Amino acid sequence: MSQSKSSIKPFNISKWEVKEAWEEVRANRGAPGVDGQSIDEFEKDLKGNLYKVWNRMSSGSYFPPPVRTVAILKSHGSGTRMLGIPAVSDRVAQTVAARHLMRRVETIFHPDSYGYRPGRSALHAVGKCRERSWWRDWVVEFDIAKFFDSVP
């Protein structure tokens with residue numbers, strides 16, 4: 001007797017989340033990815049394109065396409081650096097995933113964690129260091145270059 005496939009998706013991602021992610025991607029604009037599809041072209045079949053992203057993500061069969069690389073001039077100094085430009089559909093999927101992660105981990109981060117968090121920057125961290133330097137008359141400096149090599 002054959003076993004019928006469950007219609008329940010293994011990942012609980014709502015279509016509304018995908019739509020909200022699209023709105024964020026559209027607001028950011030951006031260049032086409034390796035597939036050459038622009039924001040405007042993606043929007044021409046918006047319902048179908050968002051359905052594909054939702055269906056693949058919620059079923060666990062989503063695989064991102066390759067990233068288009070572009071050499072851009074460095075703002076300070078000479079030379080170029082490579083910039084990866086994902087396809088529009090992949091930007092939507094990345095935004096859905098980032099929002100899921102943010103909801104789960106933001107509440108457990110230490111208040112003094114500043115890296116890659118919304119509304120926080122390196123300048124906020126420097127400001128907190130300056131503020132705390134007013135509390136003490138001494139500074140401790142560590143060289144941790146090989147520190148993480150010895151931590152289990």
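In the predicted model, strand S1 (residues 68-73) and strand S2 (residues 80-85) run antiparallel and are joined by 6 bridges. Within this pairing, leucine 73 of S1 has threonine 80 in S2 as its bridge partner. The two strands form a hairpin in which 6 residues lie between S1 and S2, and glycine 77, located in the turn, adopts a positive phi of about 95°.

The largest nonpolar core comprises 17 residues, and those with the most contacts inside it are Val18, Trp22, Phe42, Leu50, Met57 and Val92. Two or more residues are given to this core by each of helix H1 (15-28), helix H2 (39-44), helix H3 (46-59) and helix H4 (88-105), with H3 giving the most, namely 5 residues. When neighbours within four places in sequence are left aside, methionine 57 is in contact with Phe11, Ile13, Tyr62, Ala93, Val96 and Ala97. In soluble globular proteins, nonpolar side chains tend to be buried together.

Nonpolar residues also occur on the surface, where Trp138, Val140, Phe142, Ile144, Phe147, Phe148 and Val151 form a patch with about 810 Å² of accessible area together. One of these residues, phenylalanine 142, is placed in the segment after helix H5 (122-133). Phenylalanine 142 has a relative accessible area of 65% and is therefore classed as exposed, since that class begins over 50%.

Key:
Residues are numbered from 1 along each chain as its sequence is written. This is a predicted model: local features need pLDDT of at least 70, side-chain atom pairs count only at pLDDT 80 or more; totals for chains, interfaces and linings use all residues. Side-chain values use heavy atoms; hydrogens and water are left out. A nonpolar core is a set of buried Ala, Val, Leu, Ile, Met, Phe, Trp, Tyr and Cys residues joined through side-chain atoms within 4.5 Å. Buried means under 20% relative accessible area, exposed over 50%, partly exposed in between (1.4 Å probe, protein chains only). Helices (H or I, at least four residues) and strands (E, at least two) are DSSP runs, numbered from the N terminus. Contact means heavy atoms within 4.5 Å. Two strands pair if DSSP finds at least two bridges between them. Patches are made of residues with over 30% relative accessible area and no salt bridge: like charges are joined within 9 Å, nonpolar side chains (Val, Leu, Ile, Met, Phe, Trp, Tyr) within 5 Å. Accessible areas come from the Shrake-Rupley method with a 1.4 Å probe; for residues, only the protein chains shown count as cover. A salt bridge is a side-chain nitrogen of Lys or Arg within 4 Å of a carboxyl oxygen of Asp or Glu.
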